Amino acid sequence: MELLPPTIQNPALLWLLGAILEDHAASAGVPALRLRLMRDDFSWQSLIDLANQQDVLPPLIHALSGRTLLPPVPRASKDCHDGHVTLCLEQQYRDYLTRRGLERTQIQKVMHILHRAGIAPLILKGARYLLAPIGTWCEARTFRDIDLLVPRNQARQAFAALVGEGYRPGQPYMPYYHHLPHLQCPSE
């Protein structure tokens with residue numbers, strides 16, 4: 001399997017995605033973005049596909065919603081609007097937040113297990129923002145796994161404590177590297 005970055009077919013769409021995701025975008029730029037999203041040559045599906053490809057769909061939905069850039073849903077019954085982009089994205093974000101709740105529970109469980117073993121881990125990268133957000137954007141910060149840093153002399157003890165609670169090891173990240181094999185709880 002090749003691990004190359006995806007090829008960008010439409011640089012203008014990538015620019016638009018970046019402009020929507022820009023953290024400190026001036027509110028004056030929102031009308032211009034809204035106009036760009038209303039152009040005849042704009043495709044919501046293409047933007048969503050690009051965000052998925054770049055693994056930034058939750059941040060995109062969060063930014064679109066926060067800047068009121070999602071198209072309004074007509075007043076008629078929601079049943080009449082199955083497939084409306086706003087309803088679909090809102091549902092995807094609700095599903096994402098449900099997953100975030102499960103991830104938060106799992107981090108808390110892992111922290112409890114390690115604290116019981118006398119180990120104080122440091123939560124790294126994306127998972128850190130789940131437990132200690134520093135801004136509203138943190139809600140949309142995605143991550144694939146929970147990275148923990150423990151003192152080298154407690155690494156094997158931490159690993160054993162988690163295995164003792166039902167976590168199972170996968171393949172080592174890289175042999176003879178500073179990572180232990182990843183752990184996964186079969187029921188989570």
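Predicted model: local features only at pLDDT ≥ 70, side-chain atom pairs only at ≥ 80, totals over all residues.

Biologist: Thanks. And what percentage of the residues count as buried?
Modeller: The chain has 188 residues, and 34% of them count as buried.

Biologist: How many helices and strands does the chain have?
Modeller: There are seven helices and four strands. Going along the sequence, they come in the pattern α-α-α-α-α-β-α-β-α-β-β.

Biologist: Among contacts between residues at least 6 apart in sequence, what share joins residues at least 24 apart?
Modeller: That share is 61%.

Biologist: Let's zoom in on α1. Which of its residues are buried?
Modeller: Helix α1 covers residues 11-21, and its buried residues are Leu13, Leu16, Leu17, Ala19 and Ile20. Looking down the axis of α1, these buried residues fall within an arc of 165°, so they line one face of the helix.

Biologist: And which exposed residues sit on the face turned away from that buried side?
Modeller: That face of α1 carries Pro11 and Trp15, both exposed.

Biologist: What do the buried residues of α1 pack against?
Modeller: They pack against three helices: α2 (30-37), α3 (44-53) and α4 (57-66).

Biologist: What goes on at the start of α1?
Modeller: There, Asn10 has a side-chain oxygen that comes to within 3.1 Å of the backbone nitrogen of Ala12.

Biologist: Which residues is Leu13 in contact with, leaving aside neighbours within four places in sequence?
Modeller: Those contacts are with Phe42, Ser46, Leu47 and Leu50. Leu13 and Phe42 are 29 residues apart along the chain, and their C-alpha atoms are separated by 8.7 Å.

Biologist: Are Phe42 and Trp44 buried or exposed?
Modeller: Phe42 and Trp44 are both buried. Another of the pairs is Tyr129 with Trp137, where the ring centres are 5.1 Å apart and the planes are at 55°, so the pair is tilted.

Biologist: And what is the relative accessible area of Trp137?
Modeller: For Trp137 the value is 31%, so this residue is partly exposed.

Biologist: Switching to the backbone: what is phi of Asp55?
Modeller: Phi of Asp55 is near 65°, which is a positive value in a residue other than glycine. Asp55 sits in the loop between α3 and α4. With 36% relative accessibility, Asp55 counts as partly exposed.

Biologist: What about phi of Thr68?
Modeller: Thr68 also has a positive phi without being glycine, with a value near 50°.

Biologist: Where is Thr68 found, and is Thr68 buried or exposed?
Modeller: Thr68 is in the loop between α4 and α5 (85-116). Its relative accessible area is 54%, so Thr68 is exposed.

Definitions and conventions:
Residues numbered from 1 in each chain as written. Heavy atoms only, no water. Buried < 20%, exposed > 50% of the residue type's maximum accessible area, 1.4 Å probe, protein only. Helix = DSSP H or I, 4+ residues; strand = E, 2+ residues; numbered from the N terminus. Arc of directions from axis to C-beta. Contact = heavy atoms within 4.5 Å. Polar contact = N/O pair within 3.5 Å; in protein donor to acceptor, adjacent residues only side chain to side chain. Phe/Tyr/Trp six-rings, centres within 6.5 Å; stacked < 30°, edge-to-face > 60°.
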